[in-house]
Amino acid sequence: MLRPHGGKLVERVDFSDRKRDEAREMLKIHVSIDEARDLGNIGHGVFSPLEGYMLREDFENVLADGRLSNDLPWTIPIVKDVSREEIEKILESEEIALFYKDTPMAILHVEEMYPYNKKEYAEKVFRTTSIEHPGVANIMKKEDYLVGGKITLLNDPPTKFPRYKLWPKETRILFKEMGWRSVVGFQTRNAPHIGHEYVQKTALTFVDGLFINPLIGKKKKGDFKDEVIIKAYETLFEHYYPKNSATLGILETEMRYAGPREAIFHAIMRKNFGCTHFIVGRDHAGVGNFYGPYEAQEIFYDYPDLGITPLFFRSFFYCKKCGGVVNEKICPHGPEHHITFSGTRIREMLLRGEKPSELMMRPEVAEIILQFDNPFVE
Amino acid sequence: MGEEKKYTTVSIPTTLFKKIEERIKGTGFTSVSSYVTYVLREIIAEDENEEEPFTKEDEERVKQRLRALGYLD
């Protein structure tokens, strides 16, 4: 099995009552649910080798080069923003407590506080400063300073899906127990249609195991709700997936919609989960028309040292003439013979309460989705 | 903020430099430096492919949880 990114799986966890009591006496900073989830991701090694929030040198290297200051590939800043008023309070403390609601999530061992340029952050990570881009809009709402330092996780973040919540140590042991020497990871924020299934099964043909890893967390309006994605995959697994070579586990972190850079970030997290391969499809982690359809595949050529093998896929479609699901590489017929698995079209049908054709979506999956009053984020 | 990339100089034989210059013609590499950087990063990454061991206690605890969740029989 591959070693985690940077060589060692980070584990910065102390669930003792003593530590939690200490945190209650410290200066408190409140975090959002997405920040709480990312504290879990740091503490349990999903973001290995990061041990906390980035210091300035790493942050600036990530923006400039898409690498940490030690040259290791890393494309998305993992940072905590604070206001000037908070900085003045933090100056008097070496450690602060990060609370989600009334729960102490982590202790932040403060090493550095620094200002940053939001426009440059947006331009480098998202390749745009347009606030029409949800990732940019998110950055622009942040406070003006960043605080960096290692964290100690005191509590696991709350989850709506404990049945599917796995940390990297657990997936690594699971893959070993399953006898999988090679595992392909699949990132998704969608309920599966036939095209997704064919991509996954095509990849699985060449490796020992398939790890479907839906991303649970803040998403944009119109995306499938988390519970819909989970129910849809449960159904697909029950009817169409072999138990000894495919498994399902969630990853809780927000979508950044950073396209190419986020594709690298997604691959790194799956490497930490123990995957040897990672599926990159059309417009991976993209939004609107901000990125070219295959930019998220091209960026992998800049990272020969990523340590996980990307598998690039073009879109699959149903060809009436071939009589099956194919892609443009293997189908010689014109578009008049094709039924495309358009996510937008499938969403529109589901919103109208219509069941998409069996050529586009498994009937069991469609039925489950249609049981929800509104399956999409409002 | 974050504008400058940091570089240093490494010496290679001139004959090798010329050979690489020839090799990268018509490829996506824009300079000998970018080619050499790519190749070195690829080689360094190869050292990572070793399995990380867990302690027996860790493994047993995790396996119990995986069984309870239905991942393992």
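The points below concern the domains, helix contacts, strand pairing and backbone geometry of a predicted model.

1. Domain layout. Chain A falls into two parts, domain 1 covering 17–153 and domain 2 covering 166–370. Taken over C-alpha atoms, the centres of domain 1 and domain 2 of chain A are 29 Å apart.

2. Contact between the domains of chain A. Here 19 residues of domain 1 meet 24 residues of domain 2. On the domain 1 side, the elements giving two or more residues are helix 2 (33–43), helix 5 (118–126) and helix 6 (134–140) of chain A. Helix 2 of chain A supplies the largest share of that side, with four residues. By class, the domain 1 side has nine polar, seven nonpolar and three charged residues.

3. Helix 9 and helix 13 of chain A. Two packed helices are described by the angle between their axes and the distance between the axes. For helix 9 (residues 226–240) and helix 13 (residues 363–370) of chain A, the axes come within 9 Å and the crossing angle is roughly 155°. An angle over 145 degrees counts as roughly antiparallel, and helix 9 and helix 13 of chain A are therefore roughly antiparallel to each other. The crossing of helix 9 past helix 13 of chain A is right-handed.

4. Residues in that packing. Helix 9 of chain A contributes Val228(A), Lys231(A), Ala232(A), Thr235(A), Leu236(A) and His239(A) to the contact. From helix 13 of chain A come Glu364(A), Val365(A), Ile368(A) and Ile369(A). Sorted by class, the contact of helix 9 with helix 13 of chain A has six nonpolar, two polar and two charged residues.

5. Helix 7 (residues 168–178) of chain A meets helix 3 (residues 56–69) of chain B, with axes that come within 10 Å and cross at roughly 85°. Angles from 65 to 115 degrees count as roughly perpendicular, and helix 7 of chain A and helix 3 of chain B are therefore roughly perpendicular to each other. On the chain A side, the contact is made by Lys169(A), Glu170(A), Ile173(A), Leu174(A) and Glu177(A) of helix 7. On the chain B side, the residues of helix 3 are Asp58(B), Glu59(B), Val62(B), Lys63(B), Arg65(B) and Leu66(B). The contact of helix 7 of chain A with helix 3 of chain B has seven charged, four nonpolar and no polar residues.

6. Strands 4, 5 and 6 of chain A. Strand 4 (residues 95–100) and strand 5 (residues 103–115) of chain A are paired antiparallel over six bridges. Within this pairing, Glu95(A) has His109(A) in strand 5 of chain A as its bridge partner. Strand 5 of chain A is also joined to strand 6 (residues 145–153) of chain A, by nine bridges and again antiparallel. Pro115(A) is placed opposite Tyr145(A) of strand 6 of chain A.

7. The turn between strand 4 and strand 5. These two strands of chain A form a hairpin with two residues between them. Lys101(A) lies in the loop that links strand 4 and strand 5 of chain A. Its phi is near 55°, a positive value in a residue other than glycine. Most residues other than glycine have a negative phi, and most peptide bonds are trans.

8. A cis peptide bond. Ser48(A) and Pro49(A) are joined by a cis peptide bond, with omega about 10°. Pro49(A) is located in the loop between helix 2 and strand 2 (52–53) of chain A.

9. A three-stranded sheet in chain A. This open sheet has the strand order 14-13-15 and antiparallel pairing. Strand 14 (324–327) and strand 15 (338–340) of chain A are the edge strands, each pairing on one side only. From one strand to the next, the twist averages 40°. Strand 13 (residues 316–319) of chain A pairs with strand 14 of chain A over four bridges, in the antiparallel sense. One residue pair to inspect is Tyr318(A), which stands opposite Val325(A) of strand 14 of chain A.

Methods
Residues numbered from 1 in each chain as written. Chains lettered and ligands numbered in written order. Predicted model: local features only at pLDDT ≥ 70, side-chain atom pairs only at ≥ 80, totals over all residues. Domains from an automatic or database assignment. Contact = placed C-beta atoms within 7 Å. Nonpolar A, V, L, I, M, F, W, Y, C, P; charged D, E, K, R; others polar. Pairing = 2+ DSSP bridges. Axes fitted to C-alpha atoms, helices over the stretch in contact; angles between N-to-C directions. Parallel < 35°, antiparallel > 145°, perpendicular 65-115°, else oblique. Left-handed = near helix turned anticlockwise from the far one by under 90°.
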